[in-house]
Amino acid sequence: MKETYFETVMGVERLHRLFFDVIKAELDRQSVKDLSDIQCFILYNIGRSRMTVGEISNRGYYMGSNVTYNLKKMVENGYVLQEQSQHDRRSSHVHLSEKGMGIFNRFDKIFEQHAVNLKHNAITESELLDMRKTIQKLEAFWRFTASHGINF
């Protein structure tokens, strides 16, 4: 079980890196030079929503990236619009600009095509749902372990 557990964790890490490689390759194909793979992933997670920086941080895992820094660069490059909260000056809300929505829509189509291609590669929705459930169980286990320590 220990070897399977460790190999699974390493596989999840490799999948995560490969997914970012796919995003970077798509950005390169589209000649998008002012947006990193992580920034594109953050942009996609914002989508059609209006969110706070805290909500963005809680929504996704960005491989140790600094969400605030990446949002600042995305604002500078015109992908994201940022507005101070009227109720709390320490907080701000972000949403995609027209330029950002263009990238979102392109990647939404790409991910839709990926979903179709998964079926052609014998990966079913049921298998993905089972994988998602297992990942959620691992997340819960690690959260508990991190907050309570490991009992030996």
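Residues are numbered from 1 along each chain as its sequence is written, and side-chain values use heavy atoms, with hydrogens and water left out. Because the model is predicted, local features need pLDDT of at least 70 and side-chain atom pairs count only at pLDDT 80 or more, whereas totals for chains, interfaces and linings use all residues.

The secondary structure of the protein chain comprises 6 helices and 3 strands. Helices (H or I, at least four residues) and strands (E, at least two) are DSSP runs, numbered from the N terminus. Read from the N terminus, the order of elements is α-α-β-α-α-β-β-α-α. The C-alpha trace spans about 50 × 40 × 25 Å along its principal axes. Of the 152 residues in the protein chain, 28% are buried; buried means under 20% relative accessible area, exposed over 50%, and partly exposed in between (1.4 Å probe, protein chains only). Among contacts with a separation of 6 or more, 54% join residues 24 or more positions apart, a contact being heavy atoms within 4.5 Å.

The largest nonpolar core has 25 residues. Such a core is a set of buried Ala, Val, Leu, Ile, Met, Phe, Trp, Tyr and Cys residues joined through side-chain atoms within 4.5 Å. Leu 35 and Ile 46 have the most contacts inside this core. At least two core residues come from each of α1 (2–29), α2, α4 (67–76), β3 (92–96) and α5, and α2 gives the most, with 6 residues. Residues up to four places away in sequence not being counted, Ile 46 touches Met 51, Ile 56, Arg 59, Leu 71, Val 80, Val 94, His 95 and Leu 96.

Helix α2 (residues 37–46) packs with helix α5 (residues 98–120) at an angle of about 90°, the axes being 9 Å apart. Axes are lines fitted to C-alpha atoms, for helices over the stretch in contact, and angles run from 0 to 180 degrees between N-to-C directions. The helices α2 and α5 are therefore roughly perpendicular to each other; angles under 35 degrees count as roughly parallel, over 145 as roughly antiparallel, 65 to 115 as roughly perpendicular and the rest as oblique. On the α2 side the contact is made by Cys 40, Leu 43 and Tyr 44, and on the α5 side by Gly 100, Ile 103, Phe 104, Phe 107, Asp 108 and Phe 111. By class, this contact has 7 nonpolar, 1 polar and 1 charged residues, where Ala, Val, Leu, Ile, Met, Phe, Trp, Tyr, Cys and Pro count as nonpolar, Asp, Glu, Lys and Arg as charged, and the others, Gly among them, as polar.

Helix α2 also packs with α4, at an angle of about 85° and with the axes 10 Å apart. These two helices are therefore roughly perpendicular to each other. Ile 38, Gln 39, Ile 42, Leu 43 and Ile 46 of α2 meet Asn 70, Leu 71, Lys 73 and Met 74 of α4. The residues of this contact divide into 6 nonpolar, 2 polar and 1 charged.

Val 67, Asn 70, Leu 71 and Met 74 are the buried residues of α4. Seen down the axis of α4, these residues fall within an arc of 100°, so they line one face of the helix; the arc is that of the directions from the helix axis to the C-beta atoms. An α-helix has 3.6 residues a turn, so residues three or four places apart point the same way. The buried residues of α4 pack against α2, α3 (53–59), β2 (80–84) and β3.

Arg 48, in the loop between α2 and β1 (51–52), is exposed, with a relative accessible area of 61%. Neighbours within four places in sequence aside, Arg 48 contacts Met 101, Phe 104 and Asn 105. Thr 52, in strand β1, counts as buried at 18% relative accessibility. With neighbours within four places again left aside, Thr 52 contacts Ser 91, Ser 92 and His 93.

Ser 31 is not a glycine but has a positive phi of about 55°. Ser 31 lies in the loop between α1 and α2 and is exposed, with a relative accessible area of 53%. Ala 122, likewise not a glycine, has a positive phi of about 60°. The loop between α5 and α6 (125–148) holds Ala 122, which is exposed at a relative accessible area of 61%.
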